Every structure is written in C-alpha cells, then in structure tokens.
Amino acid sequence: MTEPALVFDGVSRWYGDTVALADVSFSLGPGVTGLLGHNGAGKSTALKLCAGFTTPSTGTVRVLGTDLARDPDAYQHIGIAHDRDALWQFLTARAMVALCARLRGVADPDAAAGRALDQVGLADVADRRLRGFSHGMRQRVKLAQALAHDPELLLLDEPLNGLDPAQRRHIVELIVRLGDEGRTVVVSSHVLHEVERMAPRVLVLVNGHLVASGATQAIRDLIADRPRSIRLRTDDGRGLGRELVGAGLVESVRFEDGAMLVEAGDVERLGRELPRLARDAGVRLRRVEPVDDDLESVYAYLHERARGVGR
Amino acid sequence: MIAGAPRISAPVYQLTLRSLFTGKRILALAALALVPVIASTVFASAGEIEPELFWARLLQRLVIPTITAFIAIVIGASAIADEREDGTILYLASTPLSRLTIIVTKIAAAWTATLALLVPAVLASAAIALGGEADTAQIAWPLAGIALAALCYCAVAAWLAMVVRRPVVIGVLYILLWEGSIATFAASADRFSIAAYGRAIAVEGVIDVNAPDASAPAAFVILAAVTALAAWAAARRMTRTELP
C-alpha cells in the first residue's frame, strides 16, 4: 500500500516559549482538505512544515513518502503557494511561472507557464511585468507557479485572499477540479464557508491544537449544534425568563447590564418559539442577538470539546 | 540538503544578476566604483608623486580595503537578503536545487556583478595613473587580488545575509572598524582581514605600501578557504533556519 501524500506524526513546533503547533497527527490522501483556523492558530506553521520551510521541534513530517530535507527532488511533485505576497517584480508573469517550472524540471517550461496562467485566468496579462499587478492578480500568479509543473501535492495558503467574488468562484472551481483529478490539495483558510465550497474534508486548528478533523459537513453540524448564548432585551426580562425555562427552551438564564443572557441547546427551536412565548406572556422583545456567533467562539467551543473528550 | 556537489544553476544565476542590476542601488555602487578613476584623474593632472607609488597606494589604501570591500559586501548581501526579505527565496527553496547550489549560485552572481563594476574602473584608473608605461604585472596582480578579495567578501556577505537581519549594516561596520581601521595599524589583526590578503596578492605586481607578510599563494589559499567555509556555513544555515 502506498503511503498517504502527507503524514504528520506527533508534530510539535515551538518558537522560544510560544507553541505554534502541539502534538498534531494526521494523514492526508488525494482530494481537497481544508485547513481551518483563526489567524495565529498554526495553519501557516503547519503548511511551512509540509513545504519543508521549517523543521518540527518534535515528531516527524513525511511528504510524498519522503523527508524533504533529505530528498529535495520531491519538490518536482509539490506545488506551493505560500502566504507571503512575494513575486519577482521585474519579471513578466510568464517569465516567473516558466522559471519556477524550469527549476522544477519541466521539459517545456514556456508551454507549461502558458497553460498554468490560462488556468488561473491570467492568459491575457501573461506578458506584463508583475510590478503593476493588483493583489488579486498576484495571488493568481502564485497559484499558477504552484500548478505549472503538474504536481501531485498542492499546498495553498489562503489562496482566495484578495480575490473578487468572480475570481473566487473561478479559483474554487479550479481547486475542486484539482482535487477531483486525484491530487492531494491542502487549502488553508480562516473562513469556514469558503472551505466548505471546495473541501470535503477539514482539519481545524485552534491555538496549535488539532481540535477536529473529518468530513466538512459533520464539523459544520457540530458547530451548528453547539449550545449558544443569546442576549435578549425586553421590557420584562424576569417574566420571560421564567416562561423560557418552564418551556425547556433554555438551559440557563442570567441578567447582565439590564439584558437577559440565555443559554440554548437548540437555537433553532428557540428562534421559532420565542416570539409566540413573548406574545403570550405579554412581553415586548426589543432586541435578540447571539453573543458568541463569531468564529473565535466557534473555535473556542471546538477546543473545549476536544479537551473534554480527552484527546 | 547541503550534501552533493554544488553547481551553478544557470536560471538562478541569470535571475540574481537581473535582480542585482534592477534599481538604484547598482547606480550608487557604480558611482562608488568611479572614485578611484576620479582620484587617478586628479593625480594625473597634479603629478606630485611617482605614478608607480601612487598606483600602489591607490590600490592598497582605497581600491582593495574600501571600494572592493564595500561593493562586494553590499552586492553579496543583497543577492540573498533581498529574496529573504521579499519572500521570493521560498520559490528557490521549493525546487530540487540543493541549498548549497542556491548559495553558490548567488555568490557567483554577486561576484560577477561586483567585477562588472570594479574591473572597468580599475583598468581605467590604471590607464590614467600609469599612462602608457604600465606593464602587465602592475595590472594583472592587483586585478587578481581584487577579484579574489571580492569573491571572499561576497561569500562572507552571503553568510551574513543568512544569519542576521541587517547584513549590509553589519558588513559595512566590519569594513569601517576592522578592515578600514584596526587591521591597518595592528599588525597581527590583518591576519583576520580579507582585504589584507587581497593586498598580499596585489603587491606581487606593485610596490608594497601596506601589505601583510603572507605570500601570494598563501593569500590565495586562505581567501579560497574562507570563501568555501562561508558558502558552506550559509547553506547549512539555510537548511536549519526557518524560511524566509
């Protein structure tokens, strides 16, 4: 049996006292995998380790069945679009992509560059100097140089950053296609719905810990089903609070700064029944707002949960 | 990977040369290379000392310890530091090229660019200072000393660019404090001076005004050894450090 394209085994990486990645293990085969986490969660460190740009403090990273530090020939089969906005400004897009292809052993680098630039939708500006390129165009040049040598493994760090909606759609389709062709594609992002559109599988990193991994839909459901805090502003909080607890819609009620904070296990049900309950109780709802719907609290929840089940 | 015979990658060599010759820095360095030409012109019109002595002093007190050192350090450091700063070094690092090949290629390109500025300036200075009386040794030995010292400076600057954030600043401080000052009056200190070995080679062809005791072959071996060591250390550092 062949080894999966990417294997992390007990990988930790720290910088001085800061832990960037803590005891992370996973293995990835063909298809698109999302690497999800907030800024500073360890996504870029994980991708740098995959790309051989740094070495683990402990544990082992194997890429295409080898250790890149010992076997740089494997780079012929790896395409990397890193997060730095780095291009050789004095070259044209075609020259830069062709140069990268040539260095990775492509027989006809000019033809390969033409194809790759066409794939990312830059064929018409291929012969312009990179100096004048917009952020979105630069992102796509980075992607083109990662594709030009037809790699088995693609490591894409936030590839949709700086793209407008039409370009995003185009690049998402391209990434999905690359996965369907049997390549192993790792795409990092801090936006869940973005990852959902291209990756059937996802790894979630929080503060350097791998807190969830599996089918994107399952993780989506996990996130949707988590207990949520809702802040309610009403003209008679105590009366409504009693009704909510009595109806079993909320698990706890707390008062804070003149507002009522409730914790709900099933937010959708609360949303459906709250207006009727308030009307029956003769309470006027002034404001209803979720307090932990941001991504940070989603990650915090996954982190807590991962610790709770004794990872 | 450091292991494996280093070679020069033609595409990376061309890319680096192109990058070094883009921008205003190269113009500033070219202006610096003109300083000995201007000095020779001033001397030729004044003509107060023997041309041979002037030529020997110009080489040993200005061209080798200051002009060559400065140009080679700035170009050698930039060849790597620019790519580290921009992050473009990651494109080179994610290829089958060994890290030693990348470093050796960068040093070769930096050396080429340095010599492209220095050689015409030295030849023009010689023509002006010595007039028609120059013999081959008066020009060939100094050129050999300049070329080897420049190579060594480029390699050391490349290593500096892998270990510190501001390699040009550190390199220029080294030139000013050590090469330009301490090593010129403390006799034993010039054993640790690249320029001193460059001068040791140059004085095979010109009057010795400020050269160490080392013979030209010894100077040659020492400069080559320091170059190789610096390239190896830079490549080793590139393997172990986090990029960019």
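Entry 1. I am working from a predicted model. I began with the overall build of chain A and counted 10 helices and 13 strands. Along the principal axes, the C-alpha atoms of chain A fill a box of roughly 75 × 45 × 35 Å. Of the 311 residues in chain A, 41% are buried. I then looked at contacts in chain A with a separation of 6 or more, and found that 68% of them join residues 24 or more positions apart.

Entry 2. I traced a sheet in chain A. Its 6 strands run in the order β5-β6-β7-β3-β8-β9, and the sheet is open with mixed pairing. β5 (78-81) and β9 (209-215) of chain A are at the edges with a single partner strand each, so one side of each has no neighbour in the sheet. On average, neighbouring strands of this sheet are turned by 15 degrees against each other, direction ignored.

Entry 3. I looked up the pairing of β3 (31-36) with β7 (184-189) in chain A, which is parallel over 6 bridges. For G31(A), I noted T184(A) as the bridge partner in β7(A).

Entry 4. I checked what lies across β5 and β6 (153-157) of chain A, and found helix α4 (135-147) of chain A, running at about 170 degrees to β5(A).

Entry 5. I turned to the interface, where 21 residues of chain B are in contact with 24 residues of chain A. On the chain B side, α1 (10-20) and α5 (89-93) are the elements giving two or more residues. α1(B) supplies the largest share, 4 residues. I sorted this side of chain B by class and got 10 nonpolar, 8 polar and 3 charged residues.

Definitions and conventions: Residues numbered from 1 in each chain as written. Chains lettered and ligands numbered in written order. Predicted model: local features only at pLDDT ≥ 70, side-chain atom pairs only at ≥ 80, totals over all residues. Contact = placed C-beta atoms within 7 Å. Nonpolar A, V, L, I, M, F, W, Y, C, P; charged D, E, K, R; others polar. Buried ≥ 20, exposed ≤ 12 C-beta atoms within 10 Å, placed from the backbone. Pairing = 2+ DSSP bridges. Axes fitted to C-alpha atoms, helices over the stretch in contact; angles between N-to-C directions.
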